[in-house]
Amino acid sequence: MSFCQAQLTRCKPLWDRMLEHRFLRDTRDGTIPDERFAVWMRQDYLFVEAAIPFIAALIPRAPRRHWEPLAGVITALEKELKLFEERAQAVGVDLRGAPPAFANHAYIQFLMATAARASYAEAYTVLYAAEKAYHDSWKVVQAGIARDSKWYPFVENWAGDAFAGYVAYLEGELDALAAEAGEVERTRMAEYFELTTKYEIAFWEMAATGEGWPGT
Ligand code: MP5
């Protein structure tokens, strides 16, 4: 079994928890309150912005064949920020209206620490897990959301065919990196996959419960 398939099988209980999250269900069913969705918009805008330096930091350590695709990821992220800005304008949300929530702050720090300290294959594992998580999560939403929902452009972005192709590409490349890695590094890659999945769950939970910091 390939590395990615092995991780998705091993982490299936966690992955299913993510896909069954009430934030996704309520968005799919059209019952999500606008203010709840706005929390996710504000927070994910900050996350996507932070993903740009994460990707940029990987380029100098990437194999030559990854330079152009990673540069393309940065272009796609800039386009995504514009999608957030367009939707925010349309529904009257201030994308700079709140600082990063606890889970978002932690996830962003995790990205930065991974870029700085982990091996390239480990960092690429985080990239794959986060992109695969979003593709699968928005597929859940796509299965029931009204085509004329004001949130549909987000569904199209992550659940669409272009993104599916990108995730499939990442999967093939990560499998190749895992095949070249030694046993110790492969074990760490598996840990990064699981940790990223947990951050994704924490992110949906934050979107569903609010932007505050625990205990404050
Ligand atoms: C992604 C995202 C997908 N936007 N937010 C979280 C919390 N996880 C994953 O990444 P991208 O780079 O926006 O496609």
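Trainee: Which residues are closest to the ligand, and how many surround it?
Mentor: The ligand has 13 residues around it, and the closest are D44, L77, E80, E131 and E200. A residue counts as near if one of its heavy atoms lies within 4 Å of the molecule. This is a predicted model, where local features need pLDDT of at least 70 and side-chain atom pairs count only at pLDDT 80 or more, while totals for chains, interfaces and linings use all residues. Residues are numbered from 1 along each chain as its sequence is written, and side-chain values use heavy atoms, with hydrogens and water left out.

Trainee: What is the distance from a polar side-chain atom of E200 to a nitrogen atom of the ligand?
Mentor: That distance is 2.6 Å. A polar side-chain atom of Y134 lies 3.3 Å from a ligand nitrogen atom, and an N or O atom in the side chain of W158 is 3.1 Å from a ligand oxygen atom. The protein covers 96% of the 350 Å² of accessible area that the ligand has on its own, using the Shrake-Rupley method with a 1.4 Å probe.

Trainee: Why is Q7 called buried?
Mentor: Q7 has a relative accessible area of 6%, so it is buried (under 20% relative accessible area is buried, over 50% exposed and in between partly exposed, with a 1.4 Å probe and protein chains only). Q7 belongs to helix α1, residues 3-10; helices are DSSP runs (H or I, at least four residues), numbered from the N terminus.

Trainee: And how do you know whether E183 is buried or exposed?
Mentor: E183 reaches 55% relative accessibility, so it counts as exposed. This residue is found in helix α10.

Trainee: What makes the link between the side chains of E183 and R186 a polar contact?
Mentor: The two side chains are joined at 3.0 Å. A polar contact is a pair of N or O atoms within 3.5 Å; within protein, one must be able to donate a hydrogen and the other to accept it, and residues adjacent in sequence count only if both atoms are side-chain atoms.

Trainee: Is F203 buried or exposed, and what shows it?
Mentor: F203 has a relative accessible area of 2%, so it is buried. F203 is placed in helix α10, and its C-alpha atom is 6.5 Å from that of N104, 99 residues away along the chain.

Terms used. Helix = DSSP H or I, 4+ residues; strand = E, 2+ residues; numbered from the N terminus.
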